Amino acid sequence: MRAEKGFFAGAGIGLTSIFTILLVLILSVFSTLSLFTARADERLSRANADAVSAYYAADAQACRIEADFARSGEAEREETIPMTEIQSLRIRLRRASDGSVERLEWSTVRTEESGEAEALPVWGGTGLPGAQRAAGKETANGRKP
């Protein structure tokens, strides 16, 4: 006896193979994306850890400077302690009238060598952005005079 064949009887193996191939392809893409995301997160975490370590090292040095200032007879002291290539810890200390030490400034600042970031051209909200530039009527902030 011969079993009856329906319309999808011969397509069962082909559909299963196509479905398996698509599933493997999709899982491969997701695993690749997960790998790249994990690597990017690791780089970001390392950069963050390095920045925090640099800050606390500079903070410890600033505390030592503050202790030296408290023992000295100076009236005022200002120090800039480098942390990274683009940041420093700036401290300003002053001796109060009662002899105690006042912290005037204790903050992170951009280093002088890093330079100022160039301003981005911002659209003023009127007219077409390229039309003002073409007519030569654009000011430094991108607005009409």
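**Close-up views of a predicted model**

**View 1. T111 and its contact with E85.** The backbone oxygen of E85 lies 3.2 Å from a polar atom of the T111 side chain. That is a polar contact: a pair of N or O atoms within 3.5 Å, where within protein one must be able to donate a hydrogen and the other to accept it, and residues adjacent in sequence count only if both atoms are side-chain atoms. This is a predicted model: local features need pLDDT of at least 70, side-chain atom pairs count only at pLDDT 80 or more, and totals for chains, interfaces and linings use all residues. Residues are numbered from 1 along each chain as its sequence is written, and side-chain values use heavy atoms, with hydrogens and water left out.

T111 sits in the loop between β3 (101–110) and α2 (129–135). Helices (H or I, at least four residues) and strands (E, at least two) are DSSP runs, numbered from the N terminus. T111 is buried, at 11% relative accessibility. Buried means under 20% relative accessible area, exposed over 50%, partly exposed in between (1.4 Å probe, protein chains only). T111 touches E85, I86, Q87 and S88, leaving aside residues up to four places away in sequence. Contact here means heavy atoms within 4.5 Å.

**View 2. Strands β1 and β2.** β1 (residues 76–82) and β2 (residues 87–95) run antiparallel, joined by seven bridges. Two strands pair if DSSP finds at least two bridges between them. E78 stands opposite R92 in β2.

**View 3. Strands β2 and β3.** Nine bridges pair β2 with β3, again in the antiparallel sense. Q87 has R110 in β3 as its bridge partner. Five residues lie between the two strands of this hairpin. In the turn, G99 has a positive phi of about 95°.

**View 4. Arginines over aromatic rings.** The charged end of R95 sits over the F69 ring, 4.8 Å from its centre. R103 places its charged end over the ring of W106, 3.9 Å from the centre. The criterion: NZ of Lys or CZ of Arg within 6 Å of the ring centre and within 35 degrees of the ring normal.

**View 5. The aromatic pair.** A search of the whole structure finds one such pair. Rings of Phe, Tyr and Trp (its six-membered ring) pair if their centres lie within 6.5 Å; planes under 30 degrees apart count as stacked, over 60 as edge-to-face and the rest as tilted. Y55 is partly exposed, at 28% relative accessible area. Y56 is exposed, at 54%.
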